[in-house]
Amino acid sequence: MSDHPALTLSAAIADRLARPDTAPAVATADDARQHLALGPIGIALLHIEWAAADLGPWQRAHDWLAAAARQPFTSGADSHPFYGAPALAHVLACAAEGLPGAYERDLDRLDRQVLGDVRRRLDTAHRRIDARQLPALAEFDAIRGLTGFGRYLLRRDPTSPVLRSILDYCVRLTEPITHEGDTVPGWWTLTGPSGRPDDHFPDGHGNSGMAHGIGAVLALLALAARHGTTTTNHHAAMRTVLAWLDRWETDTPQGRTWPYWITRDELRTGRLAPTAPRRPSWCYGTAGLARAQQLAALALGEPARQAASETALLDALTDPAQLRATIDTGLCHGFAGLAHLAGRTAADASPENAKRLRALLPTLLSTLLPPDAAPEEASAVLVSSPAGPGLLDGAAGTALGVLAASSTESPQTAWDACLLIA
């Protein structure tokens, strides 16, 4: 474990969020109770990882889970990988990794609920594809959709027939569809990136991101292949997505980048609209997509693509313009997410690129806690900030990202499986 000062920030946040009854009210609010991104189960995940690493007590995790479980968790159509029973299942599975035998009965019940829900979602999705209609983002994305469910099932049972069915669906999703005279990729949606109708996207868009786009599909297919779980046309589907990303990449003096999304006008003209440099985050942009492409290259045995993906991340993390566009600390689109992605990518990179990526970690971590800053004061600011104490944008996620990036070892649990980066 590194002695970098930023690690003390993770400890200070964990201490500040030690107990639900002394944490900010937003951490235990009823409207956030079932949210992995916002509420107590995401904070429990921080304490689970600390305890599994023998850095903190298990009681903290148990207390946060008990606070979340004061009422039943939603399952079925109103739940998804970041909300309700599936989100709780992810957290309990992490606890079981660090504390074998823990929550076993609860996990079995949640797994049955998840399997039933996934089967219903798959039936609906295949009927939609058979009708040659376009999907909603929530059908397939990492946060609300089938790729998020697929990553959970890959952990719990890599040989599951339901997981294989999700991979079959992902393959079908990469097949083109003709819509109003245009041939669009099968993941094209008629909404804006929010998942709702948007005047800025009158003809929809093709989303490239990891949170809500085809990046998550590529990552799931790659992770499954690396686990030895594949389906018919599995590798061909990965290559279809990679060809799409190759088609829309931009080569700049600072390196390769990928757009957050493609509009119908851009699809028709074959040209991207000019944009200012954008942050290279997990949810959208170069960092998350570079990791997804590295995973795909490893699964396909393509060392040149692997090297190019690792170089793209290195370039993004040293590009002043992209870093200036990064103004948050969290996992989703902040510096903790960039540091964690750098560490995860380095673990699978070529020796030279691994060395270069790890060399960037002290600088990335220093943006979260400069050497002369007091961890206790910084943790207080983060926990009480508008981003809140939660996992995806808030202090708990920042603490997890810092903890992982400060170590030369992999996380003790698969807490970041929900991000589809490992």
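Rings of Phe, Tyr and Trp, the last by its six-membered ring, form a pair if their centres lie within 6.5 Å. By that test, a search of the whole structure finds 6 aromatic pairs. The model is predicted.

## Overall build

The protein chain has 18 helices and 6 strands. Its radius of gyration is 20 Å, close to the 22 Å that the globule rule gives for 422 residues, so the chain is as compact as a globular protein of that length. Along the principal axes, the C-alpha atoms fill a box of roughly 60 × 50 × 40 Å.

Of the 422 residues in the protein chain, 59% are buried. The accessible surface comes to about 16,500 Å². Carbon and sulfur atoms hold 52% of that surface.

Contacts also reach across the sequence. Among those between residues at least 6 apart, 70% join residues at least 24 apart.

The protein chain carries 37 positive and 45 negative charges. Their mean positions are 4 Å apart.

## Aromatic pairs

A pair of aromatic rings is described by the distance of the centres and the angle of the planes. Two of the pairs are described here.

Take Phe-201 and Trp-261. Their ring centres are 5.5 Å apart and their planes stand at 85 degrees. An angle over 60 degrees counts as edge-to-face, so this pair is edge-to-face. The pair links distant parts of the chain, 60 residues apart. Phe-201 sits in the loop between β2 (182-184) and β3 (205-207), whereas Trp-261 belongs to strand β6 (residues 261-263).

Now take Tyr-260 and Tyr-284. Their centres are 5.2 Å apart, with the planes at 20 degrees. Planes under 30 degrees apart count as stacked, so this pair is stacked. Tyr-260 lies in the loop between β5 (255-257) and β6, and Tyr-284 in the loop between α11 (264-269) and α12 (286-300). The pair therefore ties together parts that are 24 residues apart in sequence.

How do the four residues come together? Phe-201, Tyr-260, Trp-261 and Tyr-284 form one aromatic cluster.

| Residue | Relative accessible area | Class |
|---|---|---|
| Phe-201 | 9% | buried |
| Tyr-260 | 10% | buried |
| Trp-261 | 19% | buried |
| Tyr-284 | 11% | buried |

The cut-off for buried is under 20% relative accessible area. Trp-261, at 19%, therefore still counts as buried.

## Gly-192 and the β2-β3 loop

Gly-192 lies in the loop between β2 and β3. Is Gly-192 buried or exposed? Gly-192 is buried, with a relative accessible area of 0%.

Which residues does Gly-192 touch, leaving aside its neighbours within four places in sequence? The contacts are Leu-137, Asp-198, Phe-201 and His-205. Leu-137 is 55 residues away along the chain, yet the C-alpha atoms of Gly-192 and Leu-137 are separated by 9.3 Å.

## His-126 on helix α5

His-126 is in helix α5. At 21% relative accessibility, His-126 counts as partly exposed.

Leaving aside neighbours within four places in sequence, His-126 is in contact with Ser-165, Tyr-169 and Arg-172. The C-alpha atoms of His-126 and Leu-173 are separated by 9.5 Å. Those two residues are 47 apart along the chain.

## The buried side of α3

An α-helix has 3.6 residues a turn, so residues three or four places apart point the same way. Which residues of helix α3 (residues 58-68) are buried? They are Trp-58, Ala-61, Trp-64, Leu-65, Ala-67 and Ala-68. The cover over these buried residues includes α2 (40-52) and α4 (85-98).

## Positive phi in loops

Two residues other than glycine have positive phi. Arg-132 has a phi of about 60 degrees. Arg-132 is placed in the loop between α5 (104-130) and α6 (137-140). With a relative accessible area of 44%, Arg-132 is partly exposed.

Asn-233 has a phi near 65 degrees. Its place is in the loop between α9 (214-226) and α10 (234-248).

Key. Residues are numbered from 1 along each chain as its sequence is written. This is a predicted model: local features need pLDDT of at least 70, side-chain atom pairs count only at pLDDT 80 or more; totals for chains, interfaces and linings use all residues. Side-chain values use heavy atoms; hydrogens and water are left out. Helices (H or I, at least four residues) and strands (E, at least two) are DSSP runs, numbered from the N terminus. The radius of gyration is taken over C-alpha atoms; the globule rule is 2.2 Å times the number of residues to the power 0.38. Buried means under 20% relative accessible area, exposed over 50%, partly exposed in between (1.4 Å probe, protein chains only). Contact means heavy atoms within 4.5 Å. Accessible areas come from the Shrake-Rupley method with a 1.4 Å probe; for residues, only the protein chains shown count as cover. Lys and Arg count as positive and Asp and Glu as negative; His and the chain ends are not counted. The place of a charge is taken as NZ of Lys, CZ of Arg, CG of Asp or CD of Glu.
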